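This report goes through a protein structure by topic. Please keep the sequence and the coordinates open while reading.

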Amino acid sequence: MANNEKGYLALVLHAHLPFIRHPEYEDFLEEDWFFEAMCETYLPLLDIYERLTRENVDFRITMSLTPPLCNMMSDPLLSGRFQRYYNQRLELSEKEVARTRNTQFYDVARMYERKFKRIRELYEDYYHRNILEGFKKFQDMGKLEIITCGATHGFLPLEIRKEAVYAQVKIAADDYRRHFGRGPKGIWLAECAYNPGDDVYLKANGIRFFFLETHGIIYGSPRPRYGVYAPVYCPSGVAAFGRDMESAQQVWSAETGYPGDQRYREFYRDLGYDLEYEYIKPYLHSDGVRRNMGMKYHRITGRVPLNAKAPYNPQEASEVAASHAGNFMFNRERQIEHLNSFLGRKPIVVSMYDAELYGHWWYEGTDFIEYLLKKVHYDQQTIKLVTPSEYLGIHPDNQMVQPSMSTWGDKGYNEVWLNGTNDWVYRHLHKAVERMVEMANRFPSADGMLKRALNQYAREVALGMSSDWAFLMSVGTAKTYSTKRFVEHTHRCIALYEQIMGNRIDEGYLKNIEWRDNIFPEVDYRVFSTAAAEKAAKS
Amino acid sequence: MTSSGHIKKDNNDPGSDYKSLPEGYGNTEAALLPRDPNWMFIYWEITANSKAEVCKTHGSDIFQKSKQIIRVYDVTGTGSIGTVDQKYFDIPVMVDAKSWYINVQESGRAYCCEVGLITPDGRFIGLVRTNTVSLPVGRVSEVTDEKWMSVTSDFEKLLQLSGVEYIGKGSGEVAKSLAQRWEMLRAVFSRASSWGVSSLSSHTLAKPPLSKAFWLVADCELILYGATEPDAYVTVSGRKVKLNTDGTFSMRFALPDGGMELPIKAVSKDETETREIKIKVSRATNTDGK
């Protein structure tokens, strides 16, 4: 039985949301992004891991849980608001079960009621309001490998100062340790954005591997002998795994991708717009504007207007997800058999996706993952699921290649984060970073209020570095919010710099922004010092 | 990373607009950023003091009578600007533009830029210099590795297996894919026609039918860019263009076969001055069907 496999499959889910937390408002629309992802992706995934473990299905999966996400998941304020969020929806779904009795929507209404009950049970009874406990449990069991990401999902190739690159990695590694009790072995570079040489800062933080878009590997030098089907070692010795495009396209392709199946749930037809206003109003935000509730009763149906969508059938959709999982596995088996004979080595196929694709955007995507993990366990012997750490343990013999600069964004390089909609941010961001470095060098051992102000500057500058702001400006969704966030953090940096350098720190102001931007409670501003980055580069 | 809503109306306190950020930081400095194998972005700030210094040395009308340029140095190998035989080319620019996109023919090289003036007698006065940027090669390496060598034809096949044709189209961005579906839905509703290619998404090359083993697809687009006074009113083909804060603008167009005229017109804020540039582009694609 052992070693019969022809190759490996690594399923990698990148879970990330920008740090959005607004204690200054009673309720805040953009915080819903986190609550939606909790209900639709993160908790359902944990539910799957619970079920598979109970059924003795062995599985392997790799997930990045980015530092902003970990900080939101462990935040008491957001936890309270999340409970309010799912309790409201549970109440609505119970009303809906009564309202839809004897209609074609009854089954789907009951599905939501069950779902929100289960969310509550998992969140409160299983994980005691901190779902990082759940993820840690499966990591400790060896089934899940949790990797980190740049501290605030910073886009590293557009940073000029190496101090900033080092700080993004170091803050992340320290934060990971705080949540998971050991250092991270792997990292997801935000947007898979790799700049040759930055891997030395990963190595200095004990990180052994990261992921690249396909051309990051195949445009590497010298030519990679196995393409993306074996990792390569960067000159620093850190391993880079390349993305398999065939499996990516199978899920992503606009024409043939699974999520477009017309029996799946339609994302854009939502109860928030369908129900009578007075009935839905108690569940809307305080401004009373109709918005998505995350409860949807229709299926994609086909190329028809929203008002012509047919009712959703949960049972049927689940069967489609099972058949898509079967199709995905079949294709991986054939792919791996073929690669094995072609390469003369057991290939590793790395399938990487945004975690939020599964469940949030593609509602049945979490079912798909569950079916896939089960089928791989029960129905075949060609593929073995692995985590990157396991793979490197089995195959430490890999080629040394300098990978190419690359990202997983449109056109493969930096344009999504550097174009006419967002290029204005960089002169401000770079200045804020430069000033952080200047202060970290100038105050090697601050204490008291000065230390607090410097640490808060470190939080603000890190938050300004999130690639999310430039991304949202680029795609045009939530552009106002992302612009406002970038501008706010920049303003806070400017104000703190003036206060610190002028030796007139305003404690009231400092306290206020400490309360708002409370990410990384244990941050040490000295991670931005030139000495720290230089020491890391030499290690 | 996902998004599903709009900002609350009462959530827009003053100061949240990017216009509230400083115009400059009082330092003469410049930075160069890599965008892709053939494009870089440069931004700079040249303070009034620095300009005054230059005027003091070279005459008060030096900015008016000189050509304002970005000098792009190829510093591959050395990482810094040498003295003899230094390779470079110049791009005419307005010093007040404060940023620019730079196209280079050769990928995989290291570049460094200097914003400066060329005096009427041909001397170069450097105003501010950038960091060095190494651009990616953007293609398969020529270098092979003896220990890990493979036969060339095998490597070609390996490239195909690795999905070389998907490069740059493997975007993992959920929002993008969903936005496309949303656009599709809207198009079904309204039959909206799209003008140009304003977003990132619209154009993808269709994969040929699987029956053919060897294949080639190619297409091209047009990037139009420029700069004027930030408060000017600019139109391209009669449609208003949104300027960036610094007065620059750029847009991508689909470029079908045939001729296309792009009249660009800028009107000053007080409507007393007008500048016009007309660009004619033509494209002919020849596929012989072989």
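How many residues of helix α17 of chain A are buried?

## Helix α17 of chain A

Helix α17 of chain A spans residues 467–475 and is mostly covered, with nine of its nine residues buried. A residue counts as buried if 20 or more other C-beta atoms lie within 10 Å of its own, as exposed if 12 or fewer do, and as partly exposed in between, with C-beta atoms placed from the backbone. The buried residues of α17(A) include A:Trp469, A:Phe471, A:Leu472 and A:Met473, as well as A:Ser467 and A:Asp468. A:Gly476 follows α17(A) and has a positive phi, near 85°.

## Model and conventions

The model is predicted: local features need pLDDT of at least 70 and side-chain atom pairs count only at pLDDT 80 or more, while totals for chains, interfaces and linings use all residues. Residues are numbered from 1 along each chain as its sequence is written, and chains are lettered from A and ligands numbered from 1 in the order in which they are written.

## Chain A overall

Chain A contains 20 helices and nine strands; helices (H or I, at least four residues) and strands (E, at least two) are DSSP runs, numbered from the N terminus. Its C-alpha atoms fill a box of roughly 70 × 65 × 45 Å along the principal axes. The radius of gyration of chain A is 24 Å, which agrees with the value near 24 Å for a compact globule of 539 residues. That radius is taken over C-alpha atoms, and the globule rule is 2.2 Å times the number of residues to the power 0.38.

Of the 539 residues in chain A, 57% are buried. Among contacts in chain A with a separation of 6 or more, 77% are between residues 24 or more positions apart; a contact requires C-beta atoms, placed from the backbone, within 7 Å.

## A sheet in chain B

Chain B has an open sheet of four strands in the order β4-β3-β6-β7, with antiparallel pairing. Two strands pair if DSSP finds at least two bridges between them. The edge strands, each pairing on one side only, are β4 (88–92) and β7 (124–134) of chain B.

Within chain B, strand β3 (residues 67–74) runs antiparallel to strand β6 (residues 110–118), and eight bridges join them. B:Tyr73 has B:Cys112 in β6(B) as its bridge partner.

## B:Ser162

B:Ser162 sits in the loop between α3 (152–161) and α4 (174–190) of chain B. B:Ser162 is buried because 25 other C-beta atoms lie within 10 Å. Leaving aside neighbours within four places in sequence, B:Ser162 is in contact with A:Thr214, A:Ile218, A:Gly227, A:Val228 and A:Met245.

Key. Two residues are in contact if their C-beta atoms, placed from the backbone, lie within 7 Å.
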